[in-house]
Each structure stands twice: as C-alpha cells, then as structure tokens.
Amino acid sequence: MVNFLSALTQLFYFGSLLLLLLCAGFIFFFIVFHKNQTRLLLEKKDMQFEFTRQLLHSQLEIQEQTFKTVAQEIHDNVGQILTLAKLNMSNLAATAPAPLSGQIENNKDLVARAIQDLRSLARGLNMDYITETGLIKAIEYQLEQIKKNSTLQIRFTVSGNPCQFSPQTELIVYRMQQEIINNVIKHAAAQHIDISYNYTPGHFESIVTDDGIGFASHAADQPIKGLGLGNLQSRAQVLGGRLTITSSPGQGTSVHFVLPMDNKMI
C-alpha cells in the first residue's frame, strides 16, 4: 500500500512537472510568436514608410526638374522677348507724338512690371535659388512679392536660433509653406496672415494663421481631405513631422507644422 502511494505521489509530481514544462513551452512559444509578429509588423511598416518616402522623393525630383525647366524657359526666352519689347517701346516713345508717346510709356511700364513678376516667378520655381538662399530668405522674398501685388496684410516672425536642414528637407518645407500661403490667397478670402517660425533645440515649428472664411474641420483621427491638404499631410509624415489644421466656418484657419531636428531627411 505504501509503495502504491509512493508511486502515485511520484506520478503526480511527474505529471505536474510535465504540465509545468508544457505550460512554460506554450508561454515561450507564445512570446516568440508575438515577438516575431511584432517584428514583422514593424518591418512591414518600415517598408511602407520607405516606399512612401521613395515615391515622394521621385515625385519631388520630377516636379522640381519641371519647375527648373519652366524657370529657365522664362528667364531665357519669355523674359528676353519682353525685354526686347520694352526697348522697342522706348524707341517708339522717343519719336512718337506726345499723346501716343504717353500711351507707349504706360505700356512700357506694364511690360516692365510683367518682366519683374516673371523674374519673381522664375526665382520661386528654381530649386537652386531656394536651397542656396535658405528657407527663411526664400519665404521672405515670396511674401514681399505677395505684398506688392495684393492688399493682404502679412506678418512674419522668427524666434529662436535658425538652423539649416538638408537641402532636400528645406526644399520640401518651402514647398509646403508655399502651398499653405497659396491656399490662403486662393480660397480663404483673408485680410491678414500671421506666419511664425520657432526654432528650439528639439524641433522647428511653423504656424500659419489667417482671418479668412475658414471651413469645417475634419475629425482629429481622420486623414485630411483634399488633394492640396492631403499632400501637405503626407509630406509632413514622410519628413517625420506632424501637421494639424484647425478651422471653422467664419473663424479663419490655422496650420501648425512641427518638424523634429533629428528628422528623417530625404
């Protein structure tokens, strides 16, 4: 009887040990499986991010090459033709009767303004000028041109110690700012724009606020709708930044963009 109880006890211990080993094996298998799943998901996310980054990079290269070609065409051909037309008008004005001479001078002034506007347009399209000048100077130049050609009141402030990102990153940020400002001009019917840049050791922050007609904001957890606004959001994400748009009908719009200093540069 004692031997039977002893054997039964040993069997119980052995069964318990086997059960514990099975449980431990199951837990170990579950942990390894979970880690592998997590790793695969992270790898998939990284691959999607890299694909999106490379796609955007290719699109930007095509876009910037197109802009550069257009800028060169404006400078080499259209600008020269208008300059020649201006010189011809000057010659005509010198020999024309007084009433006609006044009209020619007025037309010459219009041509001169067109030449200046085309030069400004070419400069804004030329990526070499933007990367050599830097983000702040390029934005200041664009804002000066807007002030000359509209009644829009613009205030631009910079705080902190400005630093320079990679040329590609600065170009993308400039195009984003250009898109935001153009959206205000085209759609907001605003009278004032406030643009502020804030540089800290940890991030670059841009806030563009207008007093225009505004629109119904999207939900915070939903992607931004609209091709232009969607492009802004995707570019911000690829740079490793964050872009939020706050607006409501009749209350204007604010576009807030934050870019870490250690951003994933393209």
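In strand 5, which residue is the bridge partner of serine 206?

Guide: The partner is phenylalanine 257. First, some ground rules. This is a predicted model, in which local features need pLDDT of at least 70, side-chain atom pairs count only at pLDDT 80 or more, and totals for chains, interfaces and linings use all residues. Residues are numbered from 1 along each chain as its sequence is written, and side-chain values use heavy atoms, with hydrogens and water left out.

Start from that bridge. Strand 3 and strand 5 run antiparallel and are joined by eight bridges. Strands here are DSSP runs of E with at least two residues, helices are runs of H or I with at least four, and both are numbered from the N terminus. Two strands count as paired if DSSP finds at least two bridges between them.

Serine 206 also stands opposite tyrosine 197. Serine 196 faces isoleucine 207 of strand 3. Strand 2 and strand 3 pair antiparallel, over seven bridges. Three residues lie between the two strands, which form a hairpin.

Now step to the other side of strand 2. Seven bridges join strand 2 to strand 1, and this pair is parallel. Phenylalanine 156 stands opposite isoleucine 195 there. Strands of a sheet pair through backbone hydrogen bonds, either parallel or antiparallel.

Five strands make an open sheet with mixed pairing, in the order 1-2-3-5-4. Strand 1 and strand 4 are the edges, each pairing on one side only. From one strand to the next, the twist averages 10°. Helix 4 packs on this sheet and touches strand 1, strand 2 and strand 3. The directions of helix 4 and strand 1 make about 165°. Axes are lines fitted to C-alpha atoms, for helices over the stretch in contact, and angles run from 0 to 180 degrees between N-to-C directions.

Look at the faces of strand 2. Ile193, Ile195, Tyr197 and Tyr199 point to one face and are buried. Buried means under 20% relative accessible area, exposed over 50%, and partly exposed in between (1.4 Å probe, protein chains only). In a regular strand the side chains alternate between the two faces of the sheet.

The largest nonpolar core has 36 residues, and Ile195, Tyr197, Phe204 and Phe257 have the most contacts inside it. Such a core is a set of buried Ala, Val, Leu, Ile, Met, Phe, Trp, Tyr and Cys residues joined through side-chain atoms within 4.5 Å. Among the elements that each supply at least two core residues are helix 4 (135–149), strand 3 (203–210) and strand 5 (253–260). Helix 5 gives the most, with nine residues. Leaving out residues up to four places away in sequence, isoleucine 195 touches Leu143, Ile154, Arg155, Phe156, Thr157, Ile181, Ile207 and Val208. A contact means heavy atoms within 4.5 Å.

Go back to strand 5. Proline 260 sits in this strand. Proline 260 is partly exposed, with a relative accessible area of 24%. Proline 260 touches Phe165, Gly202, His203, Gly240 and Gly241, not counting residues up to four places away in sequence.

One loop also deserves a stop. Alanine 189 lies in the loop between helix 5 and strand 2. Alanine 189 has a positive phi of about 55°, although it is not a glycine. This alanine 189 is exposed, with a relative accessible area of 61%.

Last, the wider view. The chain has six helices and five strands. Along the sequence they follow the pattern α-α-α-α-β-α-β-β-α-β-β. Of the 266 residues in the chain, 31% are buried. The pLDDT of the chain averages 77, and 77% of the residues score at least 70. Over residues 219–227 the pLDDT is below 50, and this stretch has eight contacts in the model beyond near neighbours in sequence. The pLDDT is the predictor's confidence in each residue, from 0 to 100.
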